[in-house]
Amino acid sequence: MNLNARLVYAWIIIDRFHIVQLVGRAPVNARISLMKKMNDCHCREYKILKVHWRLFHKDFADLEAARSVYLRGVNEYMTQQNALDLIVKNHPQFEKVCDAYQDIFNALKEKTGRGSLMF
C-alpha cells in the first residue's frame with residue numbers, strides 16, 4: 001500500500017433541492033410507465049396522461065372542481081378534478097404515487113411533519 005495515498009471522504013448531502021427533484025420525478029416516471037402499459041393510445045385516460053400531465057404536479061387543493069374547461073386532446077369539457085379522478089380511480093398504484101407526492105410537497109411547503117423534512 002502506498003503511504004502517499006490520500007483518503008477521500010464523500011459527504012452524503014440531502015437538502016431541499018434534491019428532495020424536491022427526486023419527488024418531482026416520481027409522478028413523471030409513474031405516468032410514463034402507466035402510458036406504456038396502455039394498449040389504446042386513443043382513449044381518454046391516455047390523452048389526459050399525455051397532454052395534461054401538469055394536473056398531476058398541481059396541488060390537489062387548487063384543482064378546479066366546479067368549473068368545466070375544454071381539455072385539449074381529450075376534446076371534451078370536464079373539470080380538472082374529474083380528469084384526475086378518471087385516472088386515479090382506474091389505476092390505484094398511480095394514485096398512491098400521486099398521494100405520496102402531494103404529502104411530501106405539502107410538508108415541504110408548510111415546513112411541517114417529522115423533523116426529517118424540516119430544513
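A: Along the sequence the order is α-α-β-β-α-α. That comes to 4 helices and 2 strands. Helices (H or I, at least four residues) and strands (E, at least two) are DSSP runs, numbered from the N terminus. This is a predicted model, where local features need pLDDT of at least 70, side-chain atom pairs count only at pLDDT 80 or more, and totals for chains, interfaces and linings use all residues. Residues are numbered from 1 along each chain as its sequence is written, and side-chain values use heavy atoms, with hydrogens and water left out.

Q: Why are helix 1 and helix 4 called roughly antiparallel?
A: Helix 1 (residues 16-37) and helix 4 (residues 92-110) have axes that come within 10 Å and cross at roughly 160°. Axes are lines fitted to C-alpha atoms, for helices over the stretch in contact, and angles run from 0 to 180 degrees between N-to-C directions. Angles under 35 degrees count as roughly parallel, over 145 as roughly antiparallel, 65 to 115 as roughly perpendicular and the rest as oblique. Helix 1 and helix 4 are therefore roughly antiparallel.

Q: Which hand does the crossing of helix 1 and helix 4 have, and which residues make the contact?
A: The crossing is left-handed. That term applies if the near helix is turned anticlockwise from the far one by less than a right angle; clockwise gives right-handed. Helix 1 contributes residues including Ile19, Val23, Pro27 and Leu34, and helix 4 brings Phe94, Tyr101 and Phe105 among them. Contact means heavy atoms within 4.5 Å.

Q: What makes up the contact of helix 1 with helix 4, by class?
A: It divides into 13 nonpolar, 1 polar and 3 charged residues. Ala, Val, Leu, Ile, Met, Phe, Trp, Tyr, Cys and Pro count as nonpolar, Asp, Glu, Lys and Arg as charged, and the others, Gly among them, as polar.

Q: Why are helix 2 and helix 3 called roughly perpendicular?
A: The axes of helix 2 (residues 44-51) and helix 3 (residues 80-90) come within 10 Å and cross at roughly 115°. Helix 2 and helix 3 are therefore roughly perpendicular. Their crossing is left-handed. Arg44, Glu45, Ile48 and Leu49 in helix 2 meet Ala83, Leu86, Ile87 and Asn90 in helix 3. By class, that contact has 5 nonpolar, 1 polar and 2 charged residues.

Q: How do helix 1 and helix 2 pack?
A: Their angle is about 145°, with the axes 10 Å apart. Helix 1 passes helix 2 in a left-handed crossing. Arg31, Leu34 and Met35 in helix 1 meet Tyr46, Leu49 and Lys50 in helix 2. The classes are 4 nonpolar, no polar and 2 charged.

Q: What makes Ala65 count as exposed?
A: Ala65 has a relative accessible area of 56%. Buried means under 20%, exposed over 50%, partly exposed in between (1.4 Å probe, protein chains only). So Ala65 is exposed. Ala65 sits in the loop between helix 2 and strand 1 (69-71). Not counting residues up to four places away in sequence, Ala65 touches Thr79 and Gln81.

Q: Why is Asn75 called exposed, and where is Asn75?
A: Its relative accessibility is 52%, so Asn75 counts as exposed. Asn75 lies in the loop between strand 1 and strand 2 (76-78). Its phi is near 60°, a positive value in a residue other than glycine.

Q: How much of the chain is buried?
A: Buried residues make up 30% of the 119 residues.
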